[in-house]
Amino acid sequence: MSKINNSAIRQGLIRCHDCGTLSQARQRRFCPLCGCRLHGRIPHSQQKTLALLIGSLALYVPANLFPIMTITKFGVGEPHTIIGGIIALANSDMVPIAALVLIASILVPLLKMLGLALLLLYVHLQWQGHARRWTRIYRVILFVGRWSMLDIFMISILVSLVDLGGVAQVIAGSAATAFAAVVVFTMFAAKSFDPRLLWDNQDYE
Amino acid sequence: MYEIQLDACPECDLLIHAGQPEVGEKAHCPRCGCLLHRPTQNSIERTLALSLTGLILLFPANLLPLVGIKLLGKDQDGTLWSGVSALFAENMWALAVLVFLSSMLFPAINIVLSLLISGHLYFRRFHPALPNWLRWLQHLGEWAMLEVYTLGIIVACVKLSSMAELHFGLGLCAFIALLLITGMLASNLDNPLFWRQIAQLNHEQNQ
């Protein structure tokens, strides 16, 4: 499995995912301390990550095409897509906030999906070198994912506050569900990716 | 006692002779740079104190209004729950569930679990579910998103500031305090230490 001798799995040792206890792979199937099932690597890590990545890519399309919310003023509805909302913010001289939303709801999901795809390619094609850098990219992807929920929380607050019937109302759109699913799927995708796979095929120490 | 303890890096599986870093030091994996261990001073006591504070703050943060607006003469207050119920009322139940979990349920469970674990370790009481509690706490951590919610509040307020009069409730103070407490909880909870203590309690129990 692994070309490097100094990795735990080559020595027949498995580190528990949850509590970090080292166990002999041959002797135990369950961690002696926390009782969870022992796996040398996350089972089917690449397949799970790829499946969730494809799912989030597919959902990313409706998330950007359909309105994420509709602002009704005096009976006239004004649907906003994600990009439309950012442009509206930028037009009303709120450029820093517009930039924040742009980063959280466009750049982060896109770069995250691109990063996960590259990580999968790195493992699948057994690319050599820079494993440390790719591990760092993995860490960033893991950390940054939740911040995309910003838009969803903002909508939930707007929906609850602006509720004056036909006079003024904010209604969440179908893209909101799709976008939330993108965020959740990519979070799970990042969690199912096993960064140790990046190191398993390295030829050097 | 000179005990050489083997450890493996969680992110690259390198076998390491694990030393015990002192408080204020950090142990990084020499190969991939992953942060292995950063011990904190009095981790168990601090976790207990912080989670107790968090437990108290949960109530005002969840029950009192965070922000209110005055729109065309009508006052409307928003709590954490009203955001969830408004989404539910619009038939966006999947979103409502997601917002409920990440802004209300998971932060609360995190605090209760931290309290249960640190309480048991502080009084050195064994409980068969202790390992499970700590496992759940580790997995739920990233799904509690109070800090992201705070940004959501800020962006929503900026959007509303042009069309309505905003006022901030006492709940927002409690919410921000809760946010700080959860952040401090996460940085003070010394996972390897907690697991060692649990292993010790486990061992004592079995004797």
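Let me start with a term: buried means under 20% relative accessible area, exposed means over 50%, and partly exposed is in between, using a 1.4 Å probe and protein chains only. A:His130 is partly exposed, with a relative accessible area of 48%. A:His130 sits in the loop between helix 3 (95-124) and helix 4 (131-144) of chain A. Helices here are DSSP runs of H or I, at least four residues, and strands are runs of E, at least two, numbered from the N terminus. A:His130 is not a glycine, yet has a positive phi of about 55 degrees.

Now the ground rules. This is a predicted model, where local features need pLDDT of at least 70, side-chain atom pairs count only at pLDDT 80 or more, and totals for chains, interfaces and linings use all residues. Residues are numbered from 1 along each chain as its sequence is written, chains are lettered from A and ligands numbered from 1 in the order in which they are written, and side-chain values use heavy atoms, with hydrogens and water left out.

B:Arg124 is not a glycine and has a positive phi of about 50 degrees. B:Arg124 lies in the loop between helix 3 and helix 4 of chain B. The relative accessible area of B:Arg124 is 37%, so this residue is partly exposed. Helix 2 itself has buried residues: B:Leu80, B:Ser82, B:Gly83, B:Val84, B:Ala86 and B:Leu87.

Next, domains. The bounds come from an automatic or database domain assignment. Chain A is divided into domain 1 (1-40) and domain 2 (44-200). Their C-alpha centres are 34 Å apart. Chain B has domain 1 (1-39) and domain 2 (42-206). There the C-alpha centres lie 30 Å apart.

On to the interface. How many residues of chain B are in contact with chain A? The count is 64, against 61 residues of chain A, with contact meaning heavy atoms within 4.5 Å. The buried area is about 5,600 Å², and carbon and sulfur atoms give 70% of that. Buried area is the accessible area (1.4 Å probe) that two parts lose on being put together, summed over both. In chain B, the residues that lose the most area to chain A are B:Glu11, B:Asp13 and B:Arg31, together 12% of what that side buries.

Polar contacts next. Between chain B and chain A, 19 residue pairs are in polar contact, both at pLDDT 80 or more. A polar contact is a pair of N or O atoms within 3.5 Å; within protein, one must be able to donate a hydrogen and the other to accept it, and residues adjacent in sequence count only if both atoms are side-chain atoms. Helix 5 of chain B gives the largest share of the side that touches chain A, 13 residues. By class, that side of chain B has 38 nonpolar, 15 polar and eleven charged residues. Nonpolar covers Ala, Val, Leu, Ile, Met, Phe, Trp, Tyr, Cys and Pro; charged covers Asp, Glu, Lys and Arg; the others, Gly among them, are polar.

Salt bridges. The rule is a side-chain nitrogen of Lys or Arg within 4 Å of a carboxyl oxygen of Asp or Glu. Over all chains the structure holds eight. Five of these salt bridges cross the interface of chain B and chain A.

Take B:Glu11 and A:Arg139, which meet at 2.6 Å, N to O. This pair runs from the loop between strand 1 and strand 2 (15-18) of chain B to helix 4 of chain A. B:Glu11 is buried at 13%, while A:Arg139 is partly exposed at 23%.

B:Glu142 and A:Lys191 meet at 3.1 Å. B:Glu142 is in the loop between helix 4 and helix 5 of chain B and A:Lys191 is in helix 6 of chain A, so the pair joins two chains.

Within chain A, A:Asp200 and A:Arg41 form a salt bridge of 2.8 Å. These two are 159 residues apart. A:Asp200 is buried at 5%, and A:Arg41 is buried at 7%.

Last stop, A:Asp194. Is A:Asp194 buried or exposed? Buried, at 1% relative accessibility. The side chain of A:Asp194 has a polar atom 2.7 Å from the backbone nitrogen of A:Ile42. The side chains of A:Asp194 and A:Arg196 make a polar contact of 3.0 Å.
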